[in-house]
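Good morning, and thank you for coming.

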Amino acid sequence: AILNTLVALSISGPSASSFWVQFSSNTITWSSNSSDPAQVDIFVTNTNTSILNGAFSIANNVPVTSESFTVTNVTLRVGDGYSVVFVSPSNNSQVLATSGTFSVMPNGSACFLFSPSLSR
């Protein structure tokens, strides 16, 4: 809880309304401010170990100021309950931000879910 008051990093995508597509390029987006660390390591996790057994490393030493990172050829298994986790490059047990849970959909799925509230 103390860490969240020191770090303003907030992962906006993927999310429950913006899933990833297997074997495609998918983007992680976030917001940050000047008090955040310069770099993060990015992992994907899933509480269901039959879908993903342990944290999966996506990238190391990603500049926080870029506020996006594209993951190419996502080989994660189709399923629900995934989260993106940002950790400190110097201490991977120090979690800096966690996304909401999201799904990985089969190759060929549309990139975004339709939300009727967005068409108003």
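This is a predicted model: local features need pLDDT of at least 70, side-chain atom pairs count only at pLDDT 80 or more; totals for chains, interfaces and linings use all residues.

Strands here are DSSP runs of E with at least two residues, numbered from the N terminus. Residues are numbered from 1 along each chain as its sequence is written, and side-chain values use heavy atoms, with hydrogens and water left out.

Let us turn to strand 4 and its partners. Two strands pair if DSSP finds at least two bridges between them. Strand 4 is joined to strand 7 by six bridges, and the two run antiparallel. Strand 4 also pairs with strand 5, again in the antiparallel sense, over five bridges; in strand 5, A59 is the bridge partner of I42. How many of the eight residues of strand 4 are buried? Six of them are, and the strand is mostly covered. Buried means under 20% relative accessible area, exposed means over 50%, and partly exposed lies in between, with a 1.4 Å probe and protein chains only.

Strand 1 and strand 3 pair over three bridges, and T29 in strand 3 is the bridge partner of G13.

I now come to the interior. In soluble globular proteins, nonpolar side chains tend to be buried together. A nonpolar core is a set of buried Ala, Val, Leu, Ile, Met, Phe, Trp, Tyr and Cys residues joined through side-chain atoms within 4.5 Å. The largest such core here has 24 residues, of which W20, I28, V84 and F86 touch the most other members. Strands 3, 4, 5, 7, 8 and 9 each supply at least two residues of this core. Leaving aside residues up to four places away in sequence, F86 has contacts (heavy atoms within 4.5 Å) that include I28, W30, V40 and L96.

What of the aromatic rings? Rings of Phe, Tyr and Trp (its six-membered ring) pair if their centres lie within 6.5 Å; planes under 30 degrees apart count as stacked, over 60 as edge-to-face, and the rest as tilted. By this rule there are three aromatic pairs. W20 and F102 form a tilted one, at 5.0 Å centre to centre with 55 degrees between the planes. This pair links distant parts of the chain, with W20 in strand 2 and F102 in strand 9, 82 residues apart. W30 and F86 form an edge-to-face pair, at 5.0 Å and 90 degrees, and both residues are buried. Ring pairs also link W20, Y82 and F102 into a cluster.

Finally, consider S103, which is found in strand 9. Why does S103 count as buried? The reason is its relative accessibility of 18%. The side chain of S103 makes a polar contact with the side chain of D80, at 2.5 Å. A polar contact is a pair of N or O atoms within 3.5 Å; within protein, one must be able to donate a hydrogen and the other to accept it, and residues adjacent in sequence count only if both atoms are side-chain atoms.

Terms used
Helices (H or I, at least four residues) and strands (E, at least two) are DSSP runs, numbered from the N terminus.
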